Amino acid sequence: MRPSRNDIIASARAFAQEWHGETSERGEAQTFWTEFLAVFGIQRRRVHAAFERHARRSSTMGGGFIDLIWPGMILAEHKSAGEDLEAAADQALDYLDSLPDRDVPRLILVSDFARMGVMDLEAEDRPLFVFPLARLADEIDRFLFLAGYTTRRFEVEGAVNVKAAEILGDVYDEIAATGYAGHPLRVFIVRLLFLLFGDSTGLWARSQFSDLLINRTADDGSDLGMWLGRLFAVLDTPDDRRTTALDQDLAAFPYVNGGLFEERHEPPDTTRRMRERLIEACHFDWSKISPAIFGSMFQSVMEPAARRAIGAHYTSETNILRVIRPLLLDDLESELAACGSSRARLRTFHEKLGRLTFFDPACGCGNFLVIAYRELRRLEREVLARLNPGPVQLGLSLEGQRKVQIDQFHGIEIEEFPARIAETAMYLIEHLENEELSRSFGLNVVDLPIAAVAHIHIGNALRMDWATVLEPQRCSFLYGNPPFVGKKARSASQQDDMAVVFGQAKGTATLDYVAAWYEKARSYLKGTDAKAAFVSTNSITQGEQVPILWPRLLNDGFEIGFAHRTFVWTSEAAGMAHVHCVIVGFRSGGWPGKRWLFDYATPRSEPHQLEATQINPYLVDAPTVYVEKRREPLAAVPHASFGSMPNDGGNLILDDDAMARLREVDPVAARFVREMASARQLLHGERRWCLWLVDATAAEIRSSPELAARVKAVRDYRTKSDREATKQLARTPQLFGEIRQPATDYLCIPRHAGELRALVPMRYFGPSVVASDSTLVVPGADLFLFGVLQSAMFTTWLRAVGGKLESRLRISVESVYNTFPFPDPSDTQRARVTEAAQRVLDARQTHPDSSLSNLYDPLATPADLVRAHSHLDRAVDACFGRRGALGEADRLRVLFDRYVEMTSAQTTLDLVPKRAERGSRRRR
């Protein structure tokens with residue numbers, strides 16, 4: 001068993017007292033270092049092989065002997081009393097170039113019996129710290145890692161995580177290449193992960209597993225599988241059931257329990273490369289990797305295609321805390337702070353920590369469970385520190401005082417392998433937290449055998465009864481990040497899952513896959529006090545999905561208590577997925593305490609926290625309303641519609657070259673060429689043309705070789721279609737499939753635009769320019785309407801209710817334009833918006849060579865255009881009764897209040913200007 005910190009300090013004092021001032025010659029050095037390592041529980045037989053290793057000094061190119069080297073751990077040089085320790089350290093450094101990378105130590109130690117010097121090679125400037133040997137006990141924390149104690153410095157956002165996954169991925173590949181596969185391989189690799197962590201983090205003597213591989217297995221790897229199989233069996237055997245003849249190196253490993261090594265499988269046939277890969281993995285410092293992060297990354301190396309197929313995504317610790325902080329951690333920290341030093345309140349709070357339960361019904365590799373457990377242990381450690389102030393009392397038992405256990409944590413995962421990783425990650429985080437507790441009190445907290453296990457169930461969460469995992473009345477917190485799968489990306493089995501969860505409920509087939517977890521949570525948590533929070537695709541809080549999903553919860557007594565508005569969920573894993581997400585926290589029976597909104601200036605920025613009065617399903621501090629599609633505009637404004645759809649197989653569409661050639665060779669066809677306004681032409685200036693044959697006679701078409709050939713090609717294309725409606729269009733092959741071309745000037749609006757734009761640029765066209773179905777058209781739109789649609793107010797509404805295509809803004813006639821709650825301006829306000837809108841058009845005209853896409857590039861918008869839009873925004877804001885600087889959240893509150901006002905009274909506004917006013921407008 002590893003000695004406690006207090007035991008190590010006592011041994012260090014005895015060692016220093018024995019050796020301080022010793023004047024013996026170098027022959028005593030071996031005994032000195034052997035007894036030094038014994039202070040940390042390192043067995044004498046493990047030290048013996050570390051002495052008298054020959055090495056070459058790089059400075060002299062001559063031979064020499066390292067007094068002691070423990071590969072990857074320490075290199076020691078000993079000098080006679082009074083000699084220069086700086087020179088001894090330089091000599092030790094001289095040997096490093098002759099060592100393979102995996103053997104380079106963490107510490108260089110030098111001594112002359114009276115003094116000791118230590119150099120940490122992981123430190124930036126590598127200073128040599130020299131102290132009297134008599135003060136060894138005071139400096140003991142510099143050496144605790146020798147006993148297996150770890151320093152918690154998780155590099156959760158760095159390349160070290162990727163490196164770890166790649167290393168173990170190499171081991172996996174070598175094993176899989178032999179044909180060893182399926183369930184046995186998954187069990188085998190998870191056990192290796194546990195052993196690698198244990199070797200670096202003090203579950204047993206440091207590097208004990210590595211030493212077993214190096215010293216006991218054959219160089220050709222032929223017996224590696226046999227030794228691993230024997231080790232797995234030993235780890236599953238209690239000490240009192242082990243035979244007296246058990247190999248000494250195997251017997252040094254403790255009993256693990258917990259089921260991790262219980263299942264028996266034949267080990268794989270092993271090779272030299274497999275052994276080399278595993279030994280390389282042992283030389284990596286696994287204590288740097290948080291179990292919360294590594295599980296997902298490891299999964300990405302093992303089965304990336306399979307995980308993508310079920311919609312998995314990889315979660316940073318920062319993103320996990322965005323869920324659990326407002327859900328549970330902030331409140332628990334406040335409760336602990338309120339306890340102060342009151343022993344009665346602290347004990348009550350401690351008992352509460354031990355009663356809480358946590359349930360992730362899409363737990364993957366257990367990231368959310370691991371971080372929540374770690375944070376709960378951190379709170380418990382603070383409670384224990386307050387209950388046990390001052391010097392540690394003799395006989396204090398921390399195991400008896402602990403309340404938080406990993407069996408308070410429950411999960412469901414559909415795939416076996418990540419479920420096994422989740423179980424292992426919970427074992428490992430428990431050990432690391434025991435390390436922290438040991439370090440805090442100077443006592444050794446026993447980890448093994450495992451006394452409690454997390455409850456990870458393998459199965460389809462949407463087909464399971466969650467009450468069989470954890471009874472609803474016992475659940476304290478339900479949370480996680482279900483698969484990110486949109487409606488169109490769902491597999492057939494996922495479609496069936498949705499049908500099982502929602503039945504025949506109207507409209508639910510259009511919901512994203514994650515919505516099924518909300519529905520399951522609704523039935524599971526109704527009438528309980530549990531809080532819930534899910535990371536979700538942001539589309540469930542936008543557009544058509546809102547009035548389908550959210551009334552099911554909010555009309556059933558649930559309330560949203562906190563929410564992160566849209567942000568980018570980034571990944572550390574291969575491929576670096578970027579998904580636009582929200583986080584929604586909710587509870588049955590109302591949310592206790594304050595409600596919080598976390599808003600983002602851009603999806604990639606950091607959040608700022610705002611207290612809310614009420615959070616509606618669009619994640620706005622505003623009344624709960626459902627913006628549903630309308631066939632008619634909410635206000636009396638000109639109607640909008642799609643542009644005309646060719647449905648022609650490309651035969652009526654021309655690029656510049658085709659148009660020029662046609663005009664040259666076919667004068668009849670040339671008379672029917674019209675400029676075409678598509679979204680790309682509107683935004684990027686890419687000119688396209690079409691054959692507009694609405695007024696073409698049959699004789700003209702027959703007389704034109706180009707027209708005849710192209711019209712025949714359209715007919716053939718439509719005739720071959722699987723859609724009956726398209727086949728019917730073959731009767732009129734000369735015409736666009738759907739014609740909605742305005743007879744007057746019209747405002748043209750692209751139906752989609754990039755997410756980073758401050759607005760969706762729009763422009764006017766005359767009736768001779770044919771608008772395609774990638775645009776919307778508003779015939780008769782005046783400058784006031786143009787100004788409102790180009791304002792921050794309308795863009796804010798669009799972002800909230802319009803939904804998105806991938807990450808692009810999507811304007812829908814029925815969902816966005818027809819539902820927009822236009823203001824009721826005074827004549828003066830209308831005039832100011834009209835004037836400001838003209839200023840925007842004038843500013844555009846000063847940049848005739850720039851496309852709208854370039855003009856509205858967020859990084860390159862011209863200053864005069866920025867000023868014009870700022871003026872326009874102020875004028876439109878004033879129409880809604882608001883002045884001063886407004887953010888998106890401010891505007892949304894105004895818009896939803898206005899929407900409630902208009903829909904409640906079914907107000908209709910006369911926003912169509914008089915004919916004389918319309919005729920006097922100046923625009924370009």
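Residues are numbered from 1 along each chain as its sequence is written, and side-chain values use heavy atoms, with hydrogens and water left out. Because the model is predicted, local features need a pLDDT of at least 70 and side-chain atom pairs count only at pLDDT 80 or more, whereas totals for chains, interfaces and linings use all residues.

The secondary structure of the protein comes to 34 helices and 26 strands. Here helices (H or I, at least four residues) and strands (E, at least two) are DSSP runs, numbered from the N terminus. Of the 924 residues, 57% count as buried. Buried means under 20% relative accessible area, exposed means over 50%, and partly exposed lies in between, with a 1.4 Å probe and protein chains only. A contact means heavy atoms within 4.5 Å. Among contacts with a separation of 6 or more, residues 24 or more positions apart account for 74%.

H6 covers residues 182-201, which makes 20 residues, and reaches 29 Å from its first C-alpha to its last. This is close to the 28 Å expected at 1.5 Å a residue, where the expected span is 1.5 Å times one less than the number of residues. H6 is mostly covered, as 16 of its 20 residues are buried. Just after H6, Gly-202 takes a positive phi of about 90°.

The next group of helices is linked through H15. The axes of helix H13 (residues 317-339) and H15 come within 10 Å and cross at roughly 20°. Axes are lines fitted to C-alpha atoms, for helices over the stretch in contact, and angles run from 0 to 180 degrees between N-to-C directions. H13 and H15 are therefore roughly parallel to each other; angles under 35 degrees count as roughly parallel, over 145 as roughly antiparallel, 65 to 115 as roughly perpendicular and the rest as oblique. H13 passes H15 in a right-handed crossing. A crossing is right-handed if the near helix is turned clockwise from the far one by less than a right angle, and left-handed if anticlockwise. Residues in this contact include Ile-320, Leu-321 and Leu-336 of H13, with Phe-368, Ile-371 and Leu-379 of H15. The contact residues divide into 14 nonpolar, 1 polar and 8 charged. In this division Ala, Val, Leu, Ile, Met, Phe, Trp, Tyr, Cys and Pro count as nonpolar, Asp, Glu, Lys and Arg as charged, and the others, Gly among them, as polar.

H15 (residues 367-387) also packs against helix H17 (residues 416-441), with axes that come within 10 Å and cross at roughly 20°. H15 and H17 are therefore roughly parallel to each other, and H15 passes H17 in a right-handed crossing. Among the residues that make this contact are Tyr-373, Arg-377 and Arg-381 of H15 and Met-426, Glu-430 and Glu-433 of H17. The residues of the contact divide into 10 nonpolar, 2 polar and 7 charged.

Another pair is formed by helix H19 (residues 515-525) and helix H20 (residues 546-554), which pack at an angle of about 15° with their axes 10 Å apart. They are therefore roughly parallel to each other, and H19 passes H20 in a left-handed crossing. Ala-515, Tyr-518, Glu-519 and Arg-522 in H19 meet Leu-549, Trp-550, Arg-552 and Leu-553 in H20. These residues divide into 5 nonpolar, no polar and 3 charged. Because 10 of its 11 residues are buried, H19 is largely enclosed by the rest of the structure. The buried residues of H19 include Trp-517, Lys-520 and Tyr-524. H19 is followed by Gly-527, whose phi is positive, near 85°.

Attention now turns to backbone angles in two loops. Most residues other than glycine have a negative phi. Leu-619 is not a glycine, although its phi is positive at about 60°. Leu-619 lies in the loop between strand E15 (607-612) and strand E16 (641-642), and counts as buried because its relative accessibility is 2%. Asn-647, also not a glycine, has a positive phi of about 50°. Its place is in the loop between E16 and strand E17 (653-654), and at 15% relative accessibility Asn-647 counts as buried.

At 48% relative accessibility, Glu-611 counts as partly exposed. Glu-611 and Leu-597 are 14 residues apart in sequence and 6.2 Å apart in space, C-alpha to C-alpha. Not counting residues up to four places away in sequence, Glu-611 touches Lys-594, Arg-595, Trp-596 and Asp-621.
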